[in-house]
Amino acid sequence: MAGIATLDAASPLVPRLPLSSATLFTAKAQKGLTFAQLGEALGRDEVAVAALFYGQAQASEADIQKLAQTLEIPQVVLERQLSGFPDRGHMVDLPPKEPLIYRLFEIVQNYGYAYKAVLNEKFGDGIMSAISFTTKVEKEVDEQGTWAVITLRGKW
């Protein structure tokens, strides 16, 4: 295993995160759980769970209950911290400075219009939803090395 994603208190991202992020990441680190393990506990995809931790997705009552139980955080604390609406889109400066996020940005910057042209040819005029949307991250290993496979699935 590569390790456990944690929240560095010195990160310039921290002031942009909701209070729930510190609560959740601290408990996650103490339990030594991955987002995949938390996803199993919540019955959700690991990326969806990570989005909850960063305040980029709305938690359901079931999410709050399962997170409280799994991470041993008082449910009332999570209800108070996670019951609001997400404040999306303000975490990243453009262009991003974090190298991995910059590379994702670079993919869209370099291939965005190519994706748009191919999608328009296949589906006609429209957009891919980021609300009716799922994503997953997989790892592939072959003779050439280790590959990240990111699947984006949005309603047209």
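# Working chat on a predicted chain

Biologist: Which residues does the "domain: Cyanate lyase C-terminal" annotation cover?
Modeller: In UniProt, an unreviewed entry, that domain covers residues 90–156. UniProt positions follow the numbering used here, feature names are shortened, and annotations may be inferred rather than shown by experiment. Residues are numbered from 1 along each chain as its sequence is written, and side-chain values use heavy atoms, without hydrogens and water. This is a predicted model, where local features need pLDDT of at least 70, side-chain atom pairs count only at pLDDT 80 or more, and totals for chains, interfaces and linings use all residues.

Biologist: How much helix and strand over residues 90–156?
Modeller: The chain is 37% helix and 30% strand there. The end C-alpha atoms of that stretch are 25 Å apart. Helices (H or I, at least four residues) and strands (E, at least two) are DSSP runs, numbered from the N terminus.

Biologist: And the chain as a whole, what order do the elements run in?
Modeller: From the N terminus, α-α-α-α-α-α-β-β. That is 6 helices and 2 strands. The C-alpha trace spans about 50 × 40 × 30 Å along its principal axes.

Biologist: What share of the residues is buried?
Modeller: 22% of the 156 residues. Buried means under 20% relative accessible area, exposed over 50%, and partly exposed in between (1.4 Å probe, protein chains only).

Biologist: Where does UniProt put the "active site"?
Modeller: At Arg103, Glu106 and Ser129, again from an unreviewed entry. Glutamate 106 is in helix α6. Glutamate 106 counts as partly exposed because its relative accessible area is 22%.

Biologist: Which peptide bond is cis?
Modeller: The one from leucine 94 to proline 95, with omega near -5°. Proline 95 sits in the loop between α5 (75–82) and α6 (99–123).

Biologist: Which residue other than glycine has a positive phi?
Modeller: Glutamate 72, with phi near 55°. Most residues other than glycine have a negative phi, and most peptide bonds are trans. Glutamate 72 lies in the loop between α4 and α5.

Biologist: Is glutamate 72 buried or exposed?
Modeller: Exposed, because its relative accessible area is 61%.

Biologist: Now aspartate 63. Where is it found?
Modeller: In helix α4, residues 61–71.

Biologist: Why does aspartate 63 count as buried?
Modeller: Because its relative accessibility is 4%.

Biologist: What is aspartate 63 in contact with?
Modeller: Leu42, Arg44, Leu52 and Gln58, leaving aside neighbours within four places in sequence. Contact means heavy atoms within 4.5 Å.

Biologist: And alanine 50, which helix?
Modeller: Alanine 50 lies in helix α3, residues 46–53. Alanine 50 is buried, with a relative accessible area of 15%. Its C-alpha atom is 8.8 Å from that of glycine 39, 11 residues apart along the chain.

Biologist: What does the lining divide into?
Modeller: 10 nonpolar, 7 polar and 2 charged residues. Ala, Val, Leu, Ile, Met, Phe, Trp, Tyr, Cys and Pro count as nonpolar, Asp, Glu, Lys and Arg as charged, and the others, Gly among them, as polar.
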